[in-house]
Amino acid sequence: MVATLRIADHVAAGTTRIDDLAAASGADAGSLHRVLRHLVSKGVFEEPSSGRFALNEPARGLLDSPVRLGLDLDGFGGRMAYAWASLLAAVRTGAPAYDEVFGRPFWEDLRAHPDLAASFDALMGPAGHGTPDPEVLVTGGWESVRAVVDVGGGTGSLLAEILRARPTVRGTLVDLPPTVARSAEIFRAAGVADRVTTAGQSFFDPLPAGSDLYLLKSILSDWPDREAVAILRRGAEAARPAGRIVVLNGVSPDESGGPSPALLMMVLVGGRERSLAEFRELAREAGLEVQAAERQPSGRFVVECRPTRVLQ
Ligand SMILES: C[S@@+](CC[C@H](N)C(=O)[O-])C[C@H]1O[C@@H](n2cnc3c(N)ncnc32)[C@H](O)[C@@H]1O
């Protein structure tokens with residue numbers, strides 16, 4: 001809530017008295033004072049004299065855009081916070097009950113609220129999740145890779161880093177139209193805009209075919225098994241005959257004690273993380289075979305697959 005009201009920013013700008021903070025943030029002074037005193041008791045902010053506030057290290061964290069993006073109740077942070085009200089229904093039924101809280105399923109909710117979708121994209125992008133690691137391969141080198149498709153690649157930060165690191169590679173960003181529309185600045189800033197094509201489309205529709213590498217980063221864990229297989233099948237069709245599908249995030253090694261419970265995925269979208277054995281089964285259904293799976297030095301677990309058979 002204090003992130004939403006930008007209290008740390010106001011204090012950093014020199015507004016420190018509770019009445020002035022309340023006026024600057026459009027809040028009730030008495031209620032805000034109680035909240036800030038509560039936070040002080042938990043170690044966030046200091047109150048050096050009665051009714052006057054100062055930043056300490058934890059409060060300074062609220063000035064960081066990634067933290068603020070995730071906590072802003074007026075943006076996607078609010079969806080993450082309030083969606084927990086649907087946990088019980090999700091556990092009772094085995095299906096997400098996000099629509100009971102927000103009136104629509106998650107992706108429809110984003111489509112209906114462009115500001116919210118923009119805030120989600122920002123949280124997924126460099127402002128929220130930082131600069132992605134462009135090392136996505138676990139077998140072979142980049143010599144044979146001429147073209148990469150990032151499927152559900154958000155606003156393009158991973159693709160931008162890959163193209164920046166590999167000047168001979170070309171890339172295609174596939175994501176929903178409003179999201180790819182936000183990618184131009186990221187590609188321009190990385191100096192790779194002339195090697196990128198964007199495709200504003202659903203990944204449940206046929207994907208741009210004939211590339212060497214199809215990336216799926218933090219995608220499959222957003223979906224139940226049936227949809228995850230459908231996305232993988234689109235990847236297999238497009239990658240045939242010799243392309244690779246690389247899955248980043250959402251799959252864990254079998255020996256790791258099980259995939260993360262990913263409860264937020266459960267309440268937002270009905271998705272889940274999977275063990276490698278579970279993923280192999282989905283890949284097989286989609287016409288893919290796991291060729292390699294490895295934990296990279298960054299700690300990221302990467303799974304590479306190749307198409308196995310022609311689909312009917
Ligand atoms: C969790 S984000 C991951 C984004 C990016 N790959 C990353 O790792 O930062 C999921 C992405 O899937 C996209 N998405 C959701 N439904 C989609 C659909 N039907 N077709 C294409 N993209 C979709 C969202 O817009 C979002 O960018």
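Predicted model: local features only at pLDDT ≥ 70, side-chain atom pairs only at ≥ 80, totals over all residues.
Okay, a polar contact here is a pair of N or O atoms within 3.5 Å; within protein, one must be able to donate a hydrogen and the other to accept it, and residues adjacent in sequence count only if both atoms are side-chain atoms.

Residues are numbered from 1 along each chain as its sequence is written, and side-chain values use heavy atoms, leaving out hydrogens and water.

So, the ligand. It has 18 residues around it, with Gly152, Asp175, Ser202, Phe203 and Lys217 the closest; being around it means having a heavy atom within 4 Å. That shell splits into 8 nonpolar, 7 polar and 3 charged residues. Nonpolar is Ala, Val, Leu, Ile, Met, Phe, Trp, Tyr, Cys and Pro, charged is Asp, Glu, Lys and Arg, and the others, Gly among them, are polar.

Which atoms of serine 202 and the ligand pair up? An N or O atom in the serine 202 side chain sits 3.2 Å from a ligand nitrogen. Aspartate 175 also uses a side-chain N or O atom, 2.6 Å from a ligand oxygen. With glycine 152, a backbone N or O atom lies 2.7 Å from a ligand nitrogen. On its own the ligand has 590 Å² of accessible area, and the protein covers 93% of that, using the Shrake-Rupley method with a 1.4 Å probe; for residues, only the protein chains shown count as cover.
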